[in-house]
Amino acid sequence: MWILGIDTSCDDTGVGLVRDGRVVVNLVASQTLLHQRYGGVVPELASREHTQVIDGLVQQALTQAGIGVCDLELIAATRGPGLIGALLVGYTYGKGLAFALGKPFVAVHHLEGHIYAALAQHPEVEPPFLALVASGGHTHLFEVRSWGEYKLIGATLDDAAGEAFDKSARLLGLGYPGGPEIEKLARQGDASKVPLAVPLQGQEGFAFSFSGLKTAVARALEKGYAPADIAAKFQQVVVEHIVQVVTRAAQHTGLTTLLVTGGVAQNATLRARLQAAGLRLLFPPKGLATDNGAMIALAAWRTRWCIPQSQVSLPAAAYLPLC
């Protein structure tokens, strides 16, 4: 079965083709250069760029796979959450294509797509397990009880982890996106020189909080600490906060398998600390950690039997809880 997956939930246009659960093509048209001058995503510009590139990207994906549009057997697109203007571009395109071809359409939750992205490299994995989605727009920890059944264990109370990286990078005079920039600068710094506290110390629950860290970064700059040292300490604290919450959740649930996905999952320090925690870790293959269309197609492949025949009538939604 050939499945076309589309994701335009934020600033990148993602188109992927999956055949029988295997990723064949995964193309992403990045908008990083478009938004760099603003230090973050401008929703209107993102939406317009999606409209300019989506059709050509779909045609390019079909050409690379060596198939025609009529060979597609199912169309899937991100329904939400995300920037509503951006979402509507890919979601409407997918629904229109499915209608024109007379093919079924699957509306996919963006976070569910991230979870299934890791399974491209680990198809043998079966629930239950923990899933951490950490990106520029989301920081959620789920218990995946069975395919399509999720329990939210913890989420951020304010900024997402990737959002905190972006905002702190801007304070430090670094580029966008901030995660790779801070990680690079942190290698030159000494974290022990800057006093930053790990958020929510002593909590019994599984919440995350990152907004106070960007304020702490601003204060550290005002006090004259070196940017490299601040970057090193900021990264250390963010990673330690995530690891503390995740390990506590693993002990609470008794689950030892952790799926980690989203852009922040690419941070090498986070990966090393999680590996040291003694958990069985699952990461997406390169290219599937950040937003993409292949993860949407993979989610549709896994869940296609337990959803209605067609979901064309469902509207896009900027706010859409997974569970």
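Tutor: With what counts as a helix: a DSSP run of H or I with at least four residues, numbered from the N terminus. By that numbering, A276 lies in helix α9, residues 268–276. Keep in mind that this is a predicted model.

Student: What makes R170 exposed or buried?

Tutor: Apply the cut-off of 50% again. R170 has 55% relative accessibility, so R170 is exposed. This residue sits in helix α5.

Student: Which residues does R170 touch, leaving out those up to four places away in sequence?

Tutor: Y38 and G39. The C-alpha atoms of R170 and G39 are 6.6 Å apart, although 131 residues separate the two in sequence.

Student: How do you know whether α5 runs roughly parallel or antiparallel to α8?

Tutor: Start with the packing angle. Helix α5 (residues 161–171) and helix α8 (residues 227–253) pack at about 170 degrees, and their axes are 12 Å apart. Over 145 degrees counts as roughly antiparallel. Therefore α5 is roughly antiparallel to α8.

Student: Which residues meet there?

Tutor: From α5, A161, A164, F165 and S168; from α8, F234, V238 and I242. By class, this contact has six nonpolar residues, one polar and no charged ones.

Student: How do you know that the length of α7 agrees with its residue count?

Tutor: Helix α7 covers residues 211–222, which is 12 residues. The expected span is 1.5 Å times one less than the number of residues.

Student: What puts the buried residues of α7 on the same side or on opposite sides?

Tutor: The buried residues are L213, V217, A218 and A220. They cover an arc of only 160 degrees around the axis, so they lie on the same side of α7.

Student: What covers them?

Tutor: The cover over the buried residues of α7 includes α5 and α8.

Student: Which residue just after α7 takes a positive phi?

Tutor: G224, with a phi of about 95 degrees.

Definitions and conventions
Residues are numbered from 1 along each chain as its sequence is written. This is a predicted model: local features need pLDDT of at least 70, side-chain atom pairs count only at pLDDT 80 or more; totals for chains, interfaces and linings use all residues. Side-chain values use heavy atoms; hydrogens and water are left out. Axes are lines fitted to C-alpha atoms, for helices over the stretch in contact, and angles run from 0 to 180 degrees between N-to-C directions. Helices (H or I, at least four residues) and strands (E, at least two) are DSSP runs, numbered from the N terminus. Angles under 35 degrees count as roughly parallel, over 145 as roughly antiparallel, 65 to 115 as roughly perpendicular and the rest as oblique. Contact means heavy atoms within 4.5 Å. Ala, Val, Leu, Ile, Met, Phe, Trp, Tyr, Cys and Pro count as nonpolar, Asp, Glu, Lys and Arg as charged, and the others, Gly among them, as polar. Buried means under 20% relative accessible area, exposed over 50%, partly exposed in between (1.4 Å probe, protein chains only). The arc is that of the directions from the helix axis to the C-beta atoms.
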